Structure formats: structure tokens, C-alpha cells
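Try each task yourself before you read its solution.

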Amino acid sequence: MSFRIFIANRGEIAIRIARTALENGFVPIGMYTKEDEHSLHRKYLKEDKEVSSYLDIEEIVEAAQELGADALHPGYGFLSENPEFAREVARRNIAFIGPSPSAMELSGDKLRAKEIASKLGIPTLPWMIVKDEKDVLEFAREHGFPLLVKAAGGGGGKGIRLLREGDDVGKVIEVASKEAEKAFKDPRIYVEPFLENVKHIEVQILGDGENIIHLFERECSVQRRFQKIIEEAPSPFLTSAERDSITKHAVELATAIRYSNAGTVEMLFDTGSRRYYFMEINARLQVEHPVTEMITGLDIVLKQIEITMYKVLDLKQYNILMRGHAIEARIYAENPVQEEPSAGVVKYYKEPSGPGIRVDSSIEAGSKVSAEFDPMIAKLIAWGPDRRTALLRLERGLKECVIDGILTNILLLKEIIKHEEFVNGVYTTKLYSLNIDSFRKELEKRFREEALLVTGLQELAGKNIRKFLESPRKSAEEYSERIDKLKRRAWYYYISTRERLRKGR
């Protein structure tokens with residue numbers, strides 16, 4: 001009987017996990033909500049069951065049990081880092097493909113993780129749990145402003161607020177605490193110094209509780225409101241010695257807590273002092289895992305499954321080699337100027353291809369994109385033997401990618417990757433916030449060009465329709481042929497003109 005893996009997720013990550021399952025002789029099964037009735041991920045599942053919510057633990061575990069699941073993969077987001085979910089899966093005699101509930105609890109409590117890191121001699125920033133304005137001001141007297149207010153019980157950019165001198169301290173901590181309570185059921189917040197010029201570096205780890213290895217690091221410094229947009233591996237900024245030190249500390253921390261399965265150890269790297277500080281552990285598969293797969297040749301999802309099945313990681317550190325460079329761009333269904341979700345139906349979709357290009361997508365022509373879910377609809381990953389080649393391939397891939405019917409951030413991604421600081425690899429987490437006005441100005445210019453193009457097409461269509469109506473009457477077959485010809489001519493004109501506009505950039 002084949003090993004049946006229930007995928008407790010949706011979208012591109014459900015498809016990505018299902019592909020690995022199918023390639024290795026496993027049976028992918030899963031779930032969907034009413035909103036996702038026609039979602040692309042369902043086509044990759046051998047069987048699935050409708051659920052009312054992607055967050056209903058009892059209903060999801062019952063669905064997995066009814067479909068005869070041997071194991072369950074949570075993907076990322078939703079319940080992927082919920083220890084109670086992992087425990088309930090285990091209670092039903094279904095293997096959970098991920099870290100243990102205790103590891104999730106530790107990673108979910110950033111302060112406990114910081115304490116362990118400090119005891120191991122891993123650098124951390126000073127921090128303090130705060131309940132009111134007085135606590136913050138006390139911390140600020142010793143460490144100064146600016147400060148970062150953060151949720152103690154979770155990540156993903158939620159419950160984080162920047163606090164500068166003169167800000168309304170009481171209001172900032174109130175908002176952060178409420179957001180933390182809503183997102184993580186934990187209202188605790190803490191403060192730490194805010195470093196102005198830092199890079200976000202994370203180390204991918206794999207382990208079985210005894211044997212822990214790293215798969216090098218990723219840089220995730222292009223962020224908007226503390227959420228990642230573009231990631232790359234390896235970091236273009238670290239020296240070999242710095243890489244060795246950061247990955248060594250990541251493995252030491254994972255070993256100390258007997259970590260099992262896939263996870264990441266995240267660091268802040270101060271570009272001025274060239275010192276780094278432990279930030280948190282993420283006990284799950286990350287959105288950006290493909291860049292690591294591209295430079296190591298490993299299938300991280302397959303390794304997750306094997307560790308769960310056999311309780312052993314069949315790799316040693318000397319097995320892991322780094323080859324080339326990879327960059328990932330997250331494609332969102334959104335208005336990139338107003339930064340608002342763009343819902344609707346995908347009318348036309350063309351994926352890029354060619355050497356070094358990988359696309360993890362959740363859409364096809366006819367797909368319905370809902371504002372109810374995370375706006376990420378695809379990830380474009382480019383690999384090259386060096387960073388310059390990877391960047392050129394990513395640029396080509398973004399130009400080749402065509403999505404019509406909804407708005408996307410593709411134009412914004414093009415602007416970011418051609419920015420001088422990004423090209424030179426010296427960008428920090430401030431790249432987006434410092435340049436958003438210039439990015440928006442360029443985007444608005446492109447939108448005006450598109451509007452002119454549409455206006456021109458409407459005028460052209462009007463002329464063609466008048467000519468068509470004024471022409472002598474012909475047979476139904478001849479009319480049909482002429483209509484098809486006009487449609488083809490209009491589509492060709494639209495595509496060729498738009499491509500000229502894009503190349504003119």
C-alpha cells in the first residue's frame with residue numbers, strides 16, 4: 001500500500017509538496033475550502049476533502065484520518081507552527097512532517113530561544129519584556145532610540161513596530177500587543193535596539209535530533225513592513241569566515257535543542273560593525289526554501305518526509321556542496337502602487353522558462369484569485385553559476401512572465417532588482433522603505449503607458465469595427481474568418497506594443 005501524505009495547505013506550497021510526493025511514489029491527498037473549489041492545487045491531489053477553514057484543527061485532522069493519511073505535511077503559514085495541531089495529528093496515529101511540538105513551542109517563544117542562544121555564546125541583542133510606557137522608557141535610557149517593539153510569541157512580520165524618539169510610546173505598544181494577541185494568542189511584547197543598517201540572514205538547517213547539518217545561508221533583506229519580497233542564496237555580502245561562523249552557531253543552537261526536521265535560524269547582520277545577532281528560529285519549511293534547493297541540489301521537502309519516515313537524516317555536512325547562486329522573487333496579486341490586494345480571474349498566464357528558471361505557482365488561465373488569502377500567487381527563482389548570471393536570468397524571467405486579469409507586483413520587482421544597491425549586493429532591510437517613492441513614481445509612469453496603449457487599442461478596434469460593418473455582406477463562414485483575423489491582429493498589436501514599452505525601460 002502506498003504511503004499517503006495529507007497536505008494541510010493550499011496554493012503553490014501544496015502543489016510543490018504534491019510534486020515531490022508524486023515523484024517519489026507517495027500519494028498526495030489534501031483539502032480545500034469552498035473558496036478554493038476550483039483551485040489549481042486540487043489537480044495535484046489524488047483525493048481531497050472540503051473543509052470549512054484552513055485553521056480548524058479538529059476538522060482538518062478528521063479529514064486526514066478519513067482519507068487514510070499515513071502522514072501530514074503542514075506546508076507554511078496557517079497551522080504549520082501550531083504545537084497543538086502537531087499533537088492532535090500524532091494522537092490520531094498520523095505522522096507529522098515537521099519538528100516536534102516542543103521545538104515549535106521553543107521557536108514560538110523568541111525570548112526562550114534568545115536565552116538559550118546567549119548561554120551558548122551566540123551573540124544576541126539586549127531585550128526586555130515591556131508592559132507599559134515606563135518599561136520602554138527605562139530600556140531606552142540605557143540603550144537609546146530607535147527601538148523595535150516585537151511580539152514574543154510569533155513572527156512573520158506581525159506584532160512588530162518601530163519606535164523612534166518622540167513617538168507615542170503607549171499607543172505603539174498597545175497596537176503591537178493587540179496584533180500579537182490576535183495573531184499568536186500571546187499579547188506579550190518586548191523591545192530591543194533597532195539597528196539601522198542590517199541584513200537579514202537565515203541559515204537553513206536539517207536534523208534528526210542527533211545529526212544536525214546546515215545548507216548554507218540565505219539573505220532576505222528586501223522587505224516591506226518586515227515581510228520578505230526577494231531572497232537569495234548565498235548572501236552576496238558575507239565573507240567565507242563570516243559564513244562559517246554564522247552557520248556554525250546555527251548548528252550549535254539546533255543541536256542544543258535536539259532539533260529534528262527542517263527549520264531556519266535567523267540572524268541580523270550589522271553592515272557597519274560586521275557583527276551578527278541571533279534573532280529567532282522558524283520551525284517549519286520557509287517560503288524561500290527553493291533558493292537553497294537550487295544551490296545545493298537537494299529536495300528539502302523530500303528530506304522532511306524521509307526524516308519523518310525513517311527518523312534518520314542520511315546526510316553529513318561534508319555531503320553538502322554549494323554550487324552557483326539563486327535569487328527568488330515573490331509575485332503578489334496586488335496593486336503595487338497602493339499596496340492593496342488585487343482579486344479577480346486570471347485571463348492569461350504565461351510562465352517564463354529557459355536555462356536556470358524555476359517557477360512555483362498556484363495559478364493558471366482561469367484561476368480565481370481571492371483577497372481572502374495571502375496575495376502571493378507565484379515564486380520566480382533564477383539560478384546561475386554566479387550572481388550576475390542569476391540576476392540577468394531573473395530579469396529575463398520577470399520580462400517573460402505575463403499575468404493578465406489581475407494586477408501584480410512584477411513591475412515593482414523589476415525596479416527593485418535594477419537598483420544599484422541590489423545589483424552590488426550591498427542593500428539592507430531599508431532598501432524598500434528608502435526608495436518606495438521613486439519606485440512608485442516609475443510604476444505610475446508605466447501604468448500611464450499601459451493606459452495609453454489600451455486607449456489606442458480601443459480606437460483601433462473602433463476603426464476596424466466600422467470597416468467591418470461597412471463591408472459588403474458575406475457568408476457566415478467568411479464573417480467568422482474575418483472576425484478571427486481581426487482578433488488575432490488586435491492581440492498581436494497589443495502584445496508587440498507592450499513588449500516594446502517594456503524593453504524601452
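This is a predicted model: local features need pLDDT of at least 70, side-chain atom pairs count only at pLDDT 80 or more; totals for chains, interfaces and linings use all residues.

Residues are numbered from 1 along each chain as its sequence is written, and side-chain values use heavy atoms, with hydrogens and water left out.

**Exercise 1.** Work out whether Arg 4 is buried or exposed, and find its polar partner.

Start with the location: Arg 4 sits in strand S1 (residues 4-7). Strands (E, at least two residues) and helices (H or I, at least four) are DSSP runs, numbered from the N terminus. Next, the relative accessible area of Arg 4 is 13%, so Arg 4 is buried; buried means under 20%, exposed over 50%, partly exposed in between (1.4 Å probe, protein chains only). Finally, its side chain makes a polar contact with the side chain of Glu 47, at 2.6 Å. A polar contact is a pair of N or O atoms within 3.5 Å; within protein, one must be able to donate a hydrogen and the other to accept it, and residues adjacent in sequence count only if both atoms are side-chain atoms.

**Exercise 2.** Give the strand order of the open five-strand sheet and name its edges.

The order is S3-S2-S1-S4-S5, with parallel pairing. Two strands pair if DSSP finds at least two bridges between them. The edges are S3 (47-50) and S5 (95-96), since each pairs on one side only. Zoom in on one pair: S2 (residues 27-32) and S3 are joined by four bridges, and Tyr 32 stands opposite Glu 50.

**Exercise 3.** Which strands pair with S13, and in what sense?

On one side, S10 (residues 198-208) pairs with S13 over 11 bridges, antiparallel; His 200 has Leu 268 as its bridge partner. S14 (residues 275-282) pairs with S13 too, antiparallel over seven bridges. S13 and S14 make a hairpin with four residues between them, and Arg 274 in that turn has a positive phi of about 55 degrees. Now check burial: 10 of the 11 residues of S13 (residues 260-270) are buried, so the strand is largely enclosed by the rest of the structure.

**Exercise 4.** List the buried residues of helix H6 and those on the face turned away.

In H6 (residues 133-143), the buried residues are Asp 135, Val 136, Phe 139 and Ala 140. The opposite face carries the exposed Lys 134, Arg 141 and Glu 142. After the helix comes Gly 144, with a positive phi near 80 degrees.
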